[in-house]
Amino acid sequence: MKVVLASKNPHKLVEISRITEKFGIELVLQSQLGVDIDVEETGTTFEENSFLKASAVMQATGLPALADDSGIAVDALNGEPGIYSARYGFDPHLDDWGRLLLLLENTRQVPDALRQAQFVCVITMVTPQGQVIQARGEAHGMLLREPVGDNGFGYDPIFYYPPLGKSFAQLSPEEKNRVSHRALALEAFYRKMKEAGYADK
């Protein structure tokens, strides 16, 4: 089953493909099909934005489309950056590293005991027949005070995952694909795919 990933992020394609390949899904980036659209994320939740992206790419390609909307939510910041994680600071000159440093600066005064954070991921697939399959995953941890580790991307170097005693950027791909918010969302998504008759493995 060919499914279009509503993203331009090759990191997401690699990470998601490692998990979806066992579902019998052939995942391709929208750019591989000559589609170059930027969906305006006007939703107020991960669920809404994930649906908006999947729906737009499905309409543009005529194929089932899968979208991932994810981010980090810091308790001490009332859940920020949340759905704005990829746009945190709303400064076009900031890259992923700049946004990571901004988050560290904005939480500098938060004491260690109150640095709880969650990585959240919502996966949505929309088919040309109008079917919507959606699942959510969360990984709970703590915000570090400085980056640690060389793997991963985004905010991974400052997210400490207590069960493994490492930051997400210190995890091997195999470890991350067991415990990450994206892995948990995809596992829940797989269960829903089976219930809908799309996956039989």
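Does Asn-49 count as buried or exposed, and why?

1. The model under discussion is a predicted one. In it, Asn-49 is a residue of helix H2. Asn-49 counts as buried because its relative accessibility is 0%, and the cut-off for a buried residue is under 20%. Leaving aside residues up to four places away in sequence, Asn-49 touches Glu-41, Thr-42, Gly-43, Asp-69 and Ile-83.

2. The pairing of E3 with other strands deserves a separate point. Strand E1 (residues 2-5) runs parallel to E3 and is joined to E3 by 2 bridges; Leu-5 has Leu-66 as its bridge partner in E3. Strand E5 (residues 116-126) runs antiparallel to E3, with 10 bridges between them. Here Ile-72 has Phe-119 as its bridge partner in E5.

3. E3 is also joined to E4, again in an antiparallel arrangement, by 2 bridges. Val-74 is partnered by Glu-80 of E4. The hairpin of E3 and E4 has 5 residues between the strands, and Asn-78 takes a positive phi near 55° in this hairpin.

4. Helix H3 spans residues 96-106, and its buried residues are Gly-98, Arg-99, Leu-100, Leu-103 and Leu-104. An α-helix has 3.6 residues a turn, so residues three or four places apart point the same way. The cover over the buried residues of H3 includes strands E3 (65-74), E4 (80-81) and E6 (132-143). At the start of H3, the backbone nitrogen of Trp-97 has a side-chain oxygen of Asp-95 within 3.2 Å.

5. The largest pocket holds about 890 Å³ of space. Its lining consists of 33 residues, and those closest to the centre of the pocket are Ser-7, Asn-9, Lys-12, Lys-53 and Ala-86. Two or more lining residues come from each of helix H1 (10-20), helix H2 (46-61), E3, H3 and helix H5 (181-195). E3 gives the largest share of this lining, with 4 residues. By residue class, the lining of the largest pocket has 11 nonpolar, 9 polar and 13 charged residues.

6. The second largest pocket has a volume of about 190 Å³. It is lined by 13 residues, of which Glu-15, Arg-18, Gly-152, Pro-173 and Lys-176 are the closest to its centre. At least two lining residues are supplied by H1 and at least two by helix H4 (173-179). The largest share of the lining of this second pocket, 4 residues, is that of H1. Its lining residues comprise 5 nonpolar, 5 polar and 3 charged.

Note on methods: Residues are numbered from 1 along each chain as its sequence is written. This is a predicted model: local features need pLDDT of at least 70, side-chain atom pairs count only at pLDDT 80 or more; totals for chains, interfaces and linings use all residues. Side-chain values use heavy atoms; hydrogens and water are left out. Buried means under 20% relative accessible area, exposed over 50%, partly exposed in between (1.4 Å probe, protein chains only). Contact means heavy atoms within 4.5 Å. A polar contact is a pair of N or O atoms within 3.5 Å; within protein, one must be able to donate a hydrogen and the other to accept it, and residues adjacent in sequence count only if both atoms are side-chain atoms. On a 1 Å grid over the protein atoms alone, a cavity is a set of points where a 1.4 Å probe fits but cannot get out, and a pocket is an open set with protein on both sides within 12 Å along at least five of seven lines; lining residues have an atom within 4 Å of a point. Grid points are joined across faces, edges and corners, and a volume is the space filled by probe spheres set on the points. Ala, Val, Leu, Ile, Met, Phe, Trp, Tyr, Cys and Pro count as nonpolar, Asp, Glu, Lys and Arg as charged, and the others, Gly among them, as polar. Two strands pair if DSSP finds at least two bridges between them.
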